[in-house]
Amino acid sequence: MTGFGELAAARRTHKAFGPDPVPRETVLELLALARLAPTHHMTQPWRFRVLGPETLARLKEAAGPSEAEKLDRAPTLVLASAALTGDLVQDEEDVCATAAAIMLVLLGATERGVASYWRTPAVLRTARGREAVGIRAMPDSRGGYGERSSGRHYDVEER
Ligand SMILES: Cc1cc2nc3c(=O)[nH]c(=O)nc-3n(C[C@H](O)[C@H](O)[C@H](O)COP(=O)(O)O)c2cc1C
């Protein structure tokens, strides 16, 4: 790939993957790219969790058999969420900033020859699913995918 246009065109949704997990150093490189996304008021709302086997097992249990199968498609799963505050304007901007950060991860993966796929598993719209991965509900429980903000931090968790 020579230019940015070519890179953007090369990023496509994949649903079949090889068996080997993405090496840890590559994951860290990709998450470092995410931090370069624009963020209004520097809230840096994105949160990324690399799902380890125990968390994945809890999530699959919460998801039920048919969705659990989809969670087994890729050998490495990175969960992206946004730390929201309950302020609608700020939250809208923070969801956009998180999407920008995710896109950087996807483009970085493409650049490195790593196949990727962005999806929102239905289980993460449930309280049980969010609990399985350690996402705290929004203060007003308005059913979002956001986390209660606990200050600015950059997480890479493996459990
Ligand atoms: C916010 C978001 C959520 C998505 N959720 C799903 C999903 O739940 N299931 C799925 O198969 N694809 C999902 N996709 C992938 C899109 O369907 C995919 O990007 C689209 O078909 C275009 O294909 P491309 O990524 O190859 O350009 C999602 C994409 C985005 C941006």
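Ala, Val, Leu, Ile, Met, Phe, Trp, Tyr, Cys and Pro count here as nonpolar, Asp, Glu, Lys and Arg as charged, and the others, Gly among them, as polar. This is a predicted model, in which local features need pLDDT of at least 70 and side-chain atom pairs count only at pLDDT 80 or more, while totals for chains, interfaces and linings use all residues. Residues are numbered from 1 along each chain as its sequence is written.

The mean pLDDT (the predictor's confidence in each residue, from 0 to 100) of the protein chain is 88, and 86% of the residues score at least 70.

Around the ligand lie Arg12, Thr13, Trp118, Arg119 and Thr120, where a residue is near if its C-beta atom, placed from the backbone, lies within 6 Å. This shell comprises one nonpolar, two polar and two charged residues.

Helices (H or I, at least four residues) are DSSP runs, numbered from the N terminus. The axes of helix 2 and helix 5, lines fitted to C-alpha atoms over the stretch in contact, with angles from 0 to 180 degrees between N-to-C directions, come within 8 Å and cross at roughly 140°.

The residues in contact (C-beta atoms, placed from the backbone, within 7 Å) are listed below.

| Helix | Span | Contact residues |
|---|---|---|
| Helix 2 | residues 24–34 | Glu29, Leu30, Leu31, Leu33, Ala34 |
| Helix 5 | residues 88–111 | Ala101, Leu104, Val105, Gly108, Ala109 |

By class, the contact of helix 2 with helix 5 has eight nonpolar residues, one polar and one charged.

Notes: Helices (H or I, at least four residues) and strands (E, at least two) are DSSP runs, numbered from the N terminus. Two residues are in contact if their C-beta atoms, placed from the backbone, lie within 7 Å.
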